[in-house]
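Hi,

Here is the structure we talked about, for you to open and look through. My notes on what turned up follow below it.

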Number of protein chains: 2
Amino acid sequence: MKPYFFDTYAVATSEFGYSMGIDAKEALEKSRGSIASKIAANWDEVIFTSGSTESSNTALKGVAWALKEKKGKHIIVSKIEDFPVLNTAKALERQGFSVTFLDVDAEGFVNLEGLRNAITKETVLVSIQHGNQEIGTVQDLKAISEICEEKDVLLHTDATHSFTRLPLNVKELPVDLITMSAHTIHGPRGIGALYIRKDTPITKFMDGGFQEFNLRAGVEDIPSAVGFAKAVELVTEEENMRLKAMRDRIIDKALSDIPDVTLNGSREKRLPQNANLTFHYVEGESITLHMDMRGFAVSTGSACFSRSLEASHVIMGIGGDHERAHGSVRFTFGRYNRMEDVDAAIEAISEIVAKLREISPLAKK
Amino acid sequence: MKPYFFDTYAVATSEFGYSMGIDAKEALEKSRGSIASKIAANWDEVIFTSGSTESSNTALKGVAWALKEKKGKHIIVSKIEDFPVLNTAKALERQGFSVTFLDVDAEGFVNLEGLRNAITKETVLVSIQHGNQEIGTVQDLKAISEICEEKDVLLHTDATHSFTRLPLNVKELPVDLITMSAHTIHGPRGIGALYIRKDTPITKFMDGGFQEFNLRAGVEDIPSAVGFAKAVELVTEEENMRLKAMRDRIIDKALSDIPDVTLNGSREKRLPQNANLTFHYVEGESITLHMDMRGFAVSTGSACFSRSLEASHVIMGIGGDHERAHGSVRFTFGRYNRMEDVDAAIEAISEIVAKLREISPLAKK
C-alpha cells in the first residue's frame, strides 16, 4: 500500500486529467480486476465500498428502492444474519417494506422449503449469508440460489467471512450480489467490495460523484484498494487447510477434554477459520478476560461487537437459551496462528473453565 | 498510521473485550477528540465516516428522514454545492422531498434575503457549503447560521475544503452539522468526519453494528482515524498564510500578465489554497494536458471529477457561459508547493495559453 500513499497518491482521473491521476486509476482498476477474478466475475461487476457494512447497505437498500414500485416491497433474510444485513432489513421495515426473517435449524441452516414458501410475487430480494459470523455455519448457497433463480428473485449473500476462505464462483452460482471485506483476510480496514451482477437493478445508496461506474460516490481509496487486492492474492488453499486443521483440533480437544461443552454451528459445513463453543455454567465474558490475561484474544457474542451484554441473536436463533449464549466463545484463526498456539489455548481454556466453574452458582459441583 | 496497521491492529472493543481491542479503542477516541477540538466541539459530537461524501449523505438524508413526519419535507441547498450535497438533495427529491436550489451571485455568494425567504415552516434542513470546491468562494456562515437559528431550521455545512484552512467554531456559530475530510489536508483517503451537534434529530444512514455512538455502523478504520487526526495537527496558521500568498501571487500575475483572463469566485473571501481562472478562447482540458507535460497537476471542472466534458455547474451557477466554464482552470496549493513553483507555473501557463490561442478559432488574432 505504501507507494500509493507516497508516490502515486493522486485522485484517480480519466484521460482528461493529469498523468498522476491516470496512474492512480490504473492501480485502482488492476485491484478491482484481481478481486473480481477471485469470484469469476467481470472487472466491471465489482465496486469498492468502505467495507462490508456499506456493501450490504448498498445491496439491500439499492435493490429494494429500485424495485419497490416495479415489483413489490417484500424482502427475505435469515434470522442469524450479521448486523449490516439484519439491521438494514429492519431499517427497510421502518420504511414500509415487509421483511420475512427466516428461521434456522439447530445448526444454523436455513430451511430450504421455508425459503421457497416465503417467496411471493412481491419479493424483491433474498439475502442469506454465506458463512455465519459467530457460529461459522456455511449455508447451501447452491440450493438457495437455485430456488431464487427458479422463483425469479434476486439473491444477495454476505460473504464477509467466507470470501477467499471458501470457493465462490458467480459463473456457477446464480447469486446476484455479494458482500466482500478486506480486513477479515488481513487486509486494511475501511474498504470492502460489492459484486453486482450485470444488469441488476440498483438505486445508488451513496450519492455524490460519478465514481465506481456511477454506483458509489466518493473519492477512491486507492492504497486500501491495492491492499485489499494484495490480501486476496496472499490467501492460499494451503493456508485455508492449515486454518481448518487448527479449527478441527480445538473443537475435537474441547469436546473430548472438557466436560459440558457444546459446539455451536455445524461440525462439517463450517468456515475453516471458525470454532464456537459454549462452556456451560460459566460466562463468555469471564473466559474472554481470563484468556486475555494469558495472551489469547477470543470473543463472545457477535464477531465485531462484544460491547453489550445482550445475548447473541445467533445462538438464540439456533434455539439456544441465554445461558448457552452467554457461555459461548468464538475462536478465530488467522495466518499468524500456529498449531502450538491451539494446544496452548486448549490448555488455558481447560484451566480457566475449571476454575470458573468452581465459583459458578450454576455449575454441578 | 503505521503502528495501527501492525502493532495495535485489533478491532476496537469495550471493557468486555480483550486488551488489544481496548488499546485500539483508545487510539480511536484520542483521534476523535483532536478532530472535535479543532472546531471547538465535544468529543462525542464527532463521528467518523468513510469520507466527506458519506458525511454529507448522512447529514442530509439523516435529518430529512428524521424530521419528515414531524416537521415537513422541504430542504434548501445552494446551486453550487459539491456533488455529495447536490446529488443527495436530488436523491431526496426523487423520494418525495421538495428542494430549493438557491441562486448565487456572480462571485458565488448565496443571497441572504433569498435564503430567508426560501425557509418555510416545512423546511427541515438548510445545507450551504463553507468554501466552494472549484471557485473557492467562502460563504458568510455567520450570517447564514443566524438566519437559520432565527427561523429555527437546522443548518449543515460542507467544510470539505475549508476545514483547518479557515477558522470554524461551533461554540460561536450555530451550525448543527459539519462535513469534514482528511485527504484534502494531506491525510488518508477513505476517512472523513461529521460533526453532529448534541440532540440533533438524525436517522442512521449506514445501518449495521452499534459503532460511533450508534450513529454509523462499520468496523472502525483506526489507522485512518489516527492519520486524520495527525493531518489536522500538522496544519498550521503559518502554512495557511503561505498557501494564501501563493494563491494571491498566481491570481495577481495571471490577471496582470495574461490578456483575457477572468478570476472565478471572490477575490477576497476565498479559500487560502484555491485559485480558479478562466483563460478565454481556450479549452481547460488542453491547458490541463499541456501543464501536465510540464509537470504541473491542475484541473478543470469540478475538484475531484474532471472525467466528463460536461460544463461545470459552479461556473454556470455564477452566470458563466459554456466558453467560460470550459476555459476554467483550478490551481490548488498544498504543503509541498513553494513560491518558485508558482512562478514556474505562471510562466508555463502564459506560454501555453499564448500557443493555444494561436490555433483557437475563438481567439481574437
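About 4700 Å² is buried between chain B and chain A in this predicted model, and carbon and sulfur atoms give 58% of that area. Each side brings 59 residues to the contact: 59 from chain A and 59 from chain B.

The elements of chain B that give two or more residues to the side touching chain A are helices H1 (2-6), H2 (19-38), H3 (52-67), H4 (83-94), H8 (222-234) and H10 (284-293). H4(B) gives the largest share, six residues. By class, that side of chain B has 27 nonpolar, 18 polar and 14 charged residues.

The count of salt bridges between the chains is two. One of them joins the side chains of B:Lys61 and A:Asp207, at 2.7 Å from N to O.

Now to the rings: over all chains, the structure holds 10 aromatic pairs. Among them is A:Trp43 with A:Phe213, edge-to-face, with 5.4 Å between centres and 65 degrees between the planes. These two are 170 residues apart, A:Trp43 in the loop between helix H2 and strand S1 of chain A and A:Phe213 in helix H7 of chain A. A:Trp43 is partly exposed because its relative accessibility is 44%; for A:Phe213, also partly exposed, the value is 36%.

Another edge-to-face pair is A:Trp65 with B:Trp65, 6.3 Å centre to centre. Each lies in helix H3 of its own chain, so this pair joins two chains. Both tryptophans, A:Trp65 and B:Trp65, are buried.

Happy browsing!

Conventions:
Residues are numbered from 1 along each chain as its sequence is written. Chains are lettered from A and ligands numbered from 1 in the order in which they are written. This is a predicted model: local features need pLDDT of at least 70, side-chain atom pairs count only at pLDDT 80 or more; totals for chains, interfaces and linings use all residues. Side-chain values use heavy atoms; hydrogens and water are left out. Contact means heavy atoms within 4.5 Å. Buried area is the accessible area (1.4 Å probe) that two parts lose on being put together, summed over both. A salt bridge is a side-chain nitrogen of Lys or Arg within 4 Å of a carboxyl oxygen of Asp or Glu. Helices (H or I, at least four residues) and strands (E, at least two) are DSSP runs, numbered from the N terminus. Ala, Val, Leu, Ile, Met, Phe, Trp, Tyr, Cys and Pro count as nonpolar, Asp, Glu, Lys and Arg as charged, and the others, Gly among them, as polar. Rings of Phe, Tyr and Trp (its six-membered ring) pair if their centres lie within 6.5 Å; planes under 30 degrees apart count as stacked, over 60 as edge-to-face and the rest as tilted. Buried means under 20% relative accessible area, exposed over 50%, partly exposed in between (1.4 Å probe, protein chains only).
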